[in-house]
Amino acid sequence: MKSIPVLLLGCGGVGRQLLEHVVNCRALHSQQGLVLRVLGVCDSRSLLVVDDVATKGMQDSFLMEICRAKSSGSSLSSLLRLGQCQIFKDAEMMDKVIDIAGLLGRSTGLAVADCSASSETVNILKQAVGLGCCIVLANKKPLTCGIEAYEKLISNFRRIRFESTVGAGLPVIASVTRLLASGDPIYRIIGSLSGTLGYVMSEVEAGKLFSEVVQAAKSLGFTEPDPRDDLSGMDVARKALILARLLGQQINMNDIKVDSLYPEELGPNSMTAEDFLRCGLSSIDRDFQERVRVASSNGKVLRYVCMIEGSRCEVGLQELPKDSPLGRLRGSDNVVEIYSRCYKDSPLVIQGAGAGNDTTAAGVLADIIDLQDLFQ
């Protein structure tokens, strides 16, 4: 039985779902001759770790206790009463993660899974890579930091997986890397990479007011508590940057043209989220209706997409043919069209659920399993 030691950074929605997937897939992985040994779980304040990282893993019952505790808002330290682990906090926590990486990275191997939403994991991940560890990312921020840090993280490309950073469980990164490895040059990627904005645009196209659709999306749980976090386009821009860098562009976030769906005077520096929802949103309705009308008169539809072509990387509203994969998009699915020498006239199209804790965590788990040949 091959053992894959796993250290989890981040115990929010995706991290907890990953632990549940690990527990629920025990029988399946056993049939494949694998066991995932979760030896540590870290949140923003503390690290719970087994007393012998070389041989032990957390029991499944304890992993589920972690999920229950974090879901209820309790701290990891509240689980010390169960007596299975040690706890490390603050700077001591980070030092312990590096100690574990140094001990296991070049011996049994270690998969460091970053399911946080923090930019502060970058330095830990860079050191883990240098110590021979594998890293698996759902967190986009390490891959959208400065170009030097990015190049360090991908310096051993066989030891990094980041499928869940762009399309949750959709095989976007795998498709791009396989095409590039085959010598098939990709010259354009265009995609709707936000389930929230995909839903908004398809509903507005159906004749509903922009403000009403955003309010509905928020009530359905599709948006962040402050919908401007989605409407700004920055999450799509991070995904676009990851894809652009994968295609070889040496760019940073500030090189990407991002078209926000609200004007600066309605931004967080000018009004609260409550005021934005109460009166700011409705002030955008007329302009949006006009843009939809113009697109329709041109025989097209509006979609919020990323466009990567040559040295160009842009994020914003575009008019697209109604009969294209993106034009036919409805609801909260993600759609990516990839154009290359082999897929010139008929693009490679990837479509499906591109968001959600369950889907994202499943993508992280698949990435960990994909690394199995690198473990002893």
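Me: Where is V14 placed?
Reply: V14 lies in helix α1; helices (H or I, at least four residues) and strands (E, at least two) are DSSP runs, numbered from the N terminus. This is a predicted model, in which local features need pLDDT of at least 70 and side-chain atom pairs count only at pLDDT 80 or more, while totals for chains, interfaces and linings use all residues. Residues are numbered from 1 along each chain as its sequence is written, and side-chain values use heavy atoms, with hydrogens and water left out.

Me: Is V14 buried or exposed?
Reply: V14 has 16% relative accessibility, so V14 counts as buried (under 20% relative accessible area; exposed is over 50% and partly exposed in between, with a 1.4 Å probe and protein chains only).

Me: What does V14 touch?
Reply: Not counting residues up to four places away in sequence, V14 touches C115, A138, N357, T360 and A361, where contact means heavy atoms within 4.5 Å.

Me: Which residues does UniProt list with V14 for "binding site"?
Reply: The unreviewed UniProt entry lists G10, C11, G12, G13, V14 and G15; its positions use the numbering here, feature names are shortened, and annotations may be inferred rather than shown by experiment.

Me: And where is G12 found?
Reply: G12 is in the loop between β1 (2–9) and α1 (13–24). Because its relative accessibility is 30%, G12 counts as partly exposed.

Me: What about K140, where is its place?
Reply: K140 sits in the loop between β6 (134–137) and α6 (147–153), and the unreviewed UniProt entry annotates K140 as "binding site" too. With a relative accessible area of 17%, K140 is buried. Beyond its neighbours within four places in sequence, K140 is in contact with T165, D235, R238, K239 and I242.

Me: New topic: how do α9 and α10 pack?
Reply: Helix α9 (residues 195–205) and helix α10 (residues 210–219) pack at an angle of about 140°, with their axes 9 Å apart. Axes are lines fitted to C-alpha atoms, for helices over the stretch in contact, and angles run from 0 to 180 degrees between N-to-C directions. The two helices α9 and α10 are therefore oblique to each other (angles under 35 degrees count as roughly parallel, over 145 as roughly antiparallel, 65 to 115 as roughly perpendicular and the rest as oblique).

Me: Which residues make the contact?
Reply: Y199, V200, E203 and V204 of α9 meet F210, V213, V214, A216 and A217 of α10.
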